[in-house]
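This report describes the structure shown below for a reader who is new to the subject.

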Amino acid sequence: MKAFLFSTLIIFLFSCSNSRTSSSDKKMKKDIAGKMAEIKEMFVNNKIVDSAGLVEAIASGVIDQNKLTELGEQIATLMEGPDETELGNIARNEDDKNLRKIAIKKLTDQDELGDVARNEDDRKLRKIAIKKLTDQDELGNVARNEDDRKLRKIAIMKLTDQDELGNVARNEQDKKLRKIAIKKLAN
């Protein structure tokens, strides 16, 4: 059964490597190609040419099954339609910044985007998440708590909720940002 699963995974991965050539997302293709190259390198270095060789290499510990599975799952997630939970997991936990960026760009779940906007260390990735936010509570949270003035401004500009705008108008320390919130308040 293991042999079948892994041979299916490998066939899927190698057949998909060229199936998305019409995609306009060059960065995604580059990241997928990088992951594919990592898998291919594992195979070439260990002279694996079939599923039996793969199973043997995994059983003997030459190839780390968890690493291979993780690479396959990441590639599949990037190539398929979005699974919000998995995309959120990649957006929060992936070491590779470019893969986190792709996941954030694909996310639509407002809770996941809010989590990234609040907790991501990289400013550029937080900005991507904030720009995708539409949930007024999440935007209000960013407007109240984000340290970066420019990112707070983006959140304030997207706010339409009168309570959230009122909160910003009353409590924002930056006069220019308070003025933006006040102007957005309905008469």
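The model examined here is a predicted one. Glu94 is located in the loop between α5 and α6, the latter helix covering residues 97–106. Is Glu94 buried or exposed? With a relative accessible area of 12%, Glu94 falls under the 20% limit and is therefore buried. The side chain of Glu94 also reaches the backbone nitrogen of Asp96, at 3.0 Å.

**The starts of α6 and α8**

Asp96 has a further contact, at the start of α6: one of its side-chain oxygens comes to within 2.8 Å of the backbone nitrogen of Asn98. In helix α8, which spans residues 123–132, the N-terminal end is capped by Asp122. Here a side-chain oxygen of Asp122 lies 3.0 Å from the backbone nitrogen of Lys124.

| Side chain | Backbone nitrogen | Distance |
|---|---|---|
| Glu94 | Asp96 | 3.0 Å |
| Asp122 | Lys124 | 3.0 Å |

**Buried residues of α6 and α8**

Which residues of α6 are buried? They include Leu99, Arg100, Ile102, Ala103 and Ile104. In α8, the buried residues are Leu125, Arg126, Ile128, Ala129 and Ile130. An α-helix has 3.6 residues a turn, so residues three or four places apart point the same way. The buried residues of α8 pack against α6 and α7, and also against α9 (136–145) and α10 (149–158).

**The packing of α5 and α7**

Two packed helices are described by the angle between their axes and the distance between the axes. Helix α5, made of residues 84–93, packs with helix α7, made of residues 110–119, at an angle of about 5°. Their axes are 10 Å apart. Angles under 35 degrees count as roughly parallel, and α5 and α7 are therefore roughly parallel to each other. On the side of α5, the contact is made by Glu84, Thr85, Gly88, Ala91 and Arg92. On the side of α7, the residues are Glu112, Asp115 and Val116. By class, the residues of this contact of α5 with α7 comprise two nonpolar, two polar and four charged.

The side chains of Glu112 and Arg92 are joined by a polar contact of 2.2 Å. When neighbours within four places in sequence are set aside, Glu112 is in contact with Glu84, Thr85, Gly88, Arg92 and Leu107.

**The packing of α11 and α12**

How do helix α11 (residues 162–171) and helix α12 (residues 175–184) cross, and at roughly what angle? Their axes come within 8 Å and cross at roughly 145°. The crossing of α11 and α12 is left-handed. Helix α11 contributes Gln162, Leu165, Val168 and Ala169 to the contact, while helix α12 contributes Arg178, Ala181, Ile182 and Lys184. The contact of α11 with α12 has five nonpolar residues, one polar residue and two charged residues.

**The chain as a whole**

The secondary structure of the chain consists of twelve helices and zero strands. Of the 187 residues in the chain, 41% are buried. Among the contacts in the chain with a separation of 6 or more, 52% are between residues 24 or more positions apart.

Conventions. Residues numbered from 1 in each chain as written. Predicted model: local features only at pLDDT ≥ 70, side-chain atom pairs only at ≥ 80, totals over all residues. Heavy atoms only, no water. Axes fitted to C-alpha atoms, helices over the stretch in contact; angles between N-to-C directions. Helix = DSSP H or I, 4+ residues; strand = E, 2+ residues; numbered from the N terminus. Parallel < 35°, antiparallel > 145°, perpendicular 65-115°, else oblique. Contact = heavy atoms within 4.5 Å. Nonpolar A, V, L, I, M, F, W, Y, C, P; charged D, E, K, R; others polar. Buried < 20%, exposed > 50% of the residue type's maximum accessible area, 1.4 Å probe, protein only. Polar contact = N/O pair within 3.5 Å; in protein donor to acceptor, adjacent residues only side chain to side chain. Left-handed = near helix turned anticlockwise from the far one by under 90°.
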